[in-house]
Amino acid sequence: MAKVSDQIKYETDDPNRIQDVGWTLKEIWRRTRGIVVTSINLIIFFILWELATTYGNINSLFLPKASAMFQELWVGMTTRAPEGAVFSGSILDHFLHSFKNLMTGLAIACAIGIPGGLLMGGNKYIESILSPYVWALASLPRIALVPLFILFLGFTTTMQVTIIVLSAVFPIIINAWAGVKTTEKSLLAAAKVFGANRTQLYYKVVLPYTLPFIISGIQQGIGRGLIGVVIAELFGGSNGLGYLIQRSADTFNTAMTFAVLLLLIVMSLSLINFTRWLEAKVAPWRNVNHL
Amino acid sequence: MSKSNENIIVAEDLSISYDLHRERKKLIALQNISLEIKKGEFVVLVGPSGCGKTSFINAISGLIPKSGGSVKVRDVEVTAPGPDRAMVFQDYALLPWRTVEANIRLPYELQNLGLSEEEKQARVKNALELVDLVGFEKSFPYELSGGMKQRVGIARALATNPDILLADEPFAAIDAMTREAMQAEMERIVMETGQTCVFITHSIDEAILLGDRVVVISYRPGQIKEIVDVDFPRPRMSNSEVKISKKYAELRDHIWNLVKDEAMQTTRGE
């Protein structure tokens, strides 16, 4: 019998349909325009800032020169406090303190949040027992808990990390939970038809399906965690970037305040972009919006 | 088609119902369905939306429990899915994080079929050839067109070398032109493998072109309204005589008259 497929050929089946076009100027521009435009945009922004603060009648107490901010940032990031100093004026010291706290807090939040969310999604009893507490704590503004934790733990690093964990853990729990709950029914049906038992359903379908949700949760957790870092240090502590913001503003060193704010922006954007990249890497089938 | 006289699927007084918890009611999807399907037969189920066609093949596959009667495959009551039955889904149901090849190999990872690695490789290769997807082993589903995705779905179903192929509106989401090509492929594959096929569709043309028998199911509760025999010689898809024959038009009209009232009823929401 003549194979029917011999008579019907799809264009899409032809591997020769994809042709190599090589590098063109247009293609190079298409790939680099994002970086080029953003760089020019930022350079213009800082030049305008510099001009406005140099020639405009602006009190440097409120808005320092951009160059002063960068200088403060450079000096602060390249010097360390001498051994045994009571207070460090080095941004790097405070940055390392905050960054270490943030990473510790995020690690603990993941260790609690990922299994917690997965269990809540996978077991309806655990879900119904835990969900009121999760929603209650997730909806409570975390800043309201700071005085309480200062009372419990004092002005310590443990207190700061606890605030970070409490800030970051809920988006991670809720996303992992939602990922499990929204796993496509037809994928589960397919796996069952082809012989999956309960454990296999979890490992082969639910977990890979939930992975990008977990990464989104971590991404939101980073944002919340950074708020937690700054809040905890503003309220109670003698080190960290939050403390440095307060201290530099109190001592009218506005250039330092701006330098720390810029550093926070850079840190936050780097971490969030890293998780976006990770999300696109592990789940290319989801059209991740590049905002 | 290599039809024998041996019954492979036997449904007797099969009923399926779903609990509607919110309304504290029970929806009877299928009521007292009795149907015998012979080995190598191509049976097509047609009927209005919500008439329980999907419930019927889900009961054969073992995905859902029955509320009454029995379904037997080779004289054994169906209680769970098994490697002798495979399914093709309307929305393809391919795992998006797996390549075409890894998707086709999924059944081997989930159950032990006692195959050696060489046998598995040979079967995957054979399935890829059958659905004409050689060269796309390393592609991901999101890189493929709808028709190609469904051919991966068919290849996965063929990987276990099942006796029974269950297909739930497999071409419903595929554009009209690709659809005709897919129907031809389906006919060819089933002819080449000699499998028994239970196929659901909303298209009367698809039903007549593919089916040895067309089972018309009525709307809520789902019951068999009539079984129509279709005896055009195969292959039908590549034979342009079939579609323009008088018998084809008569069959088409007959089936349409059977489902017309029901379809009208569902559109009015009664």
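Q: Which side chains of chains A and B meet in a salt bridge?
A: The side chains of A:Lys204 and B:Glu109 do, with 2.8 Å from N to O. A salt bridge here is a side-chain nitrogen of Lys or Arg within 4 Å of a carboxyl oxygen of Asp or Glu. The model is predicted, so local features need pLDDT of at least 70 and side-chain atom pairs count only at pLDDT 80 or more, whereas totals for chains, interfaces and linings use all residues; side-chain values use heavy atoms, without hydrogens and water. Residues are numbered from 1 along each chain as its sequence is written, and chains are lettered from A and ligands numbered from 1 in the order in which they are written.

Q: What is the count of salt bridges between chain B and chain A?
A: The count is one. Over all chains, the structure holds 24 salt bridges.

Q: Which residue does B:Arg74 form a salt bridge with?
A: B:Arg74 pairs with B:Glu6, and their closest N and O atoms are 3.7 Å apart. The pair links distant parts of the chain, 68 residues apart: B:Arg74 is in the loop between strands E4 (68-73) and E5 (76-77) of chain B, and B:Glu6 is in the segment before strand E1 (7-20) of chain B. Helices (H or I, at least four residues) and strands (E, at least two) are DSSP runs, numbered from the N terminus.

Q: Back to the interface: how much area is buried between chain B and chain A?
A: About 2,900 Å² is buried, and carbon and sulfur atoms give 69% of that area. Buried area is the accessible area (1.4 Å probe) that two parts lose on being put together, summed over both. On the chain B side, B:Trp97, B:Leu110 and B:Arg188 lose the most area to chain A, together 23% of what that side buries.

Q: And how many residues are in contact?
A: 35 residues of chain B are in contact with 28 residues of chain A, where contact means heavy atoms within 4.5 Å.

Q: Where is confidence lowest in chain A?
A: Confidence is lowest in helix H1 (residues 4-7) of chain A, at a mean of 42, and highest in H4(A), at 94. Chain A averages a pLDDT (the predictor's confidence in each residue, from 0 to 100) of 86, and 91% of the residues score at least 70. Over residues 1-13 of chain A, pLDDT stays under 50. Where pLDDT is low, the predicted coordinates should not be read in detail.
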